[in-house]
Amino acid sequence: MTSRLDYEALLAGLPDAVVGVDEGLRIVLWNPAAEALLGRSARRVLGRTLKDVFPPDTSLVRHLTGTLTTGESRSESEAALDGGDGRPIHVSVMTAPLASRSGAVEAAVAVIRDMTRLHQLEAEVRRGETLAAVGRMAMGLAHEIRNPLSAIRGAVQLMKRELGDDGRFGEYTEVLLNEVNRVNRIIEMLLDLGRPVTLRLAPLNLHQLLERVALLSQEMAAQQGVQIVRRYDPSLPPILVDEDRMLQVFHNLVRNALEAMPAGGRLTLITRLSMNPLFSKVDLGQGPRSLAEVQFVDEGQGIPEATRAQLFTPFFTTKDRGLGLGLALCHRILEEHKGTIQVESEPERGTTVSCFLPVAR
């Protein structure tokens, strides 16, 4: 009895889903991780055949059937299973036979690992590497452009002084100076992608910071007919951030959300301790810290999947005006804070941008 209880406790504690079937492909084992990953409770599936739960051509069914037939283990590093909500889940599958004392295969077991988290981590690494490469290139270009640009600015200023009050050319020189200033601002944004970020970290009340951003965005929200809704967790501890940098990130995200709702709607600001298993802890060198999560939820038209994949790519933009550097800079700043940013969106149903930041204690 004791060994059975230990066995069940071991299966219950495994992070990977474990599914066992008998020789008739009836489900005899379905651990808690399988319930969480596959979206079906053990009570609903135990005793049913695997083909009643999943389509016969599903990789899990094929591999367990093959293992029962041949007595050989099978594996697949990239497979898809139907989740309880109908959405595909990216997994790896490994099966093994269970033999009786006589050596006959009387059951088989499958270990199913969720690959979604691994894919997300890989995407984060690739995104960071891309931004770093673009940042280095941008710094080189910016320094090369700055010297001739300074010469152009100086020449235009001399021209303006020589021409004096001559109205015929004054308008032209003013346009030239304005455009030179605009290029300078672009260069500064490019340099922000590449230069080392010096952070002045301090404990900060996240809700006070969000209220500052809401106040700055109040006029634009009124013009757009957007109502700003707060859903704050009052027990949330202070976050450990650079106030100016984080103000820059949040202001950018709120402005994007407002621009996504030209016909009005609601922008919901949500704060809480992160429950996301991928982004719930971070190690800042003094032990793991919890992460706070702040969400910006709009009711706009949403973002197509093909566009979402490029959102953090420098110079990619869906707007008529803009450089496409805003979200790239947000990602860079959050990365420097040992945090991250995620975007979830459905066409016609709005977008949720989530920022994860370390708490101060």
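Me: A disulfide is a pair of cysteine sulfur atoms within 2.5 Å. By that rule, how many disulfides does this structure hold?

Reply: The model is a predicted one, and the structure holds 0 disulfides. Cys330 is in no disulfide, its nearest cysteine sulfur being that of Cys355 at 7.1 Å. Cys355 is likewise in no disulfide, with the sulfur of Cys330 as its nearest at 7.1 Å.

Me: What makes Cys330 and Cys355 buried?

Reply: Buried means a relative accessible area under 20%. Cys330 has 2%, so the label applies. Cys355 has 0%, so the label applies there too.

Me: How much of the chain is buried?

Reply: Buried residues make up 40% of the 361 residues. The chain exposes about 20,400 Å², and carbon and sulfur atoms supply 52% of that area. The chain has 12 helices and 13 strands. Of its contacts between residues at least 6 apart in sequence, 64% join residues at least 24 apart.

Me: Why is His63 called buried?

Reply: The relative accessible area of His63 is 9%, and the limit is 20%, so His63 counts as buried.

Me: Where does His63 lie, and what does His63 touch?

Reply: His63 lies in helix H5, residues 59-70. Leaving out residues up to four places away in sequence, His63 touches Arg74, Glu76, Val93 and Thr95.

Me: What makes the pair His63 and Glu76 a polar contact?

Reply: Their side chains are joined at 2.7 Å.

Me: How do you know that the length of H5 agrees with its number of residues?

Reply: At 1.5 Å a residue, the 12 residues of H5 should span 16 Å, and the end C-alpha atoms are 16 Å apart, so the two agree. After H5 comes Gly71, whose phi is positive, near 75 degrees.

Me: Which residues of H5 are buried, and what do they pack against?

Reply: They are Ser59, Leu60, Val61, His63, Leu64, Gly66, Thr67 and Leu68. These buried residues pack against strands E1 (17-22), E3 (74-82), E4 (88-99) and E5 (105-114), and against helix H4 (50-53).

Me: What span does H10 reach, and what caps its N-terminal end?

Reply: H10 covers residues 243-259, and its 17 residues reach 24 Å from first C-alpha to last, close to the 24 Å expected at 1.5 Å a residue. The cap is Asp242, with a side-chain oxygen 3.1 Å from the backbone nitrogen of Asp244. The buried residues of H10 include Arg245, Asn252, Val254 and Ala257.

Me: Which members of the largest nonpolar core touch the most other members?

Reply: The core has 39 residues, and those members are Met246, Val249, Phe250, Leu253, Leu267, Phe296 and Cys355. H10 gives the most to this core, with 8 residues. A second, separate core of 26 residues includes Val53, Leu60, Ala108 and Ala110.

Me: What does Val249 touch?

Reply: Beyond residues up to four places away in sequence, Val249 touches Cys330, Ile333 and Leu334. Contact means heavy atoms within 4.5 Å, so each of these neighbours has a heavy atom within that distance of Val249.

Definitions and conventions. Residues are numbered from 1 along each chain as its sequence is written. This is a predicted model: local features need pLDDT of at least 70, side-chain atom pairs count only at pLDDT 80 or more; totals for chains, interfaces and linings use all residues. Side-chain values use heavy atoms; hydrogens and water are left out. Helices (H or I, at least four residues) and strands (E, at least two) are DSSP runs, numbered from the N terminus. The expected span of a helix is 1.5 Å times one less than its number of residues. Buried means under 20% relative accessible area, exposed over 50%, partly exposed in between (1.4 Å probe, protein chains only). A polar contact is a pair of N or O atoms within 3.5 Å; within protein, one must be able to donate a hydrogen and the other to accept it, and residues adjacent in sequence count only if both atoms are side-chain atoms. Accessible areas come from the Shrake-Rupley method with a 1.4 Å probe; for residues, only the protein chains shown count as cover. A nonpolar core is a set of buried Ala, Val, Leu, Ile, Met, Phe, Trp, Tyr and Cys residues joined through side-chain atoms within 4.5 Å.
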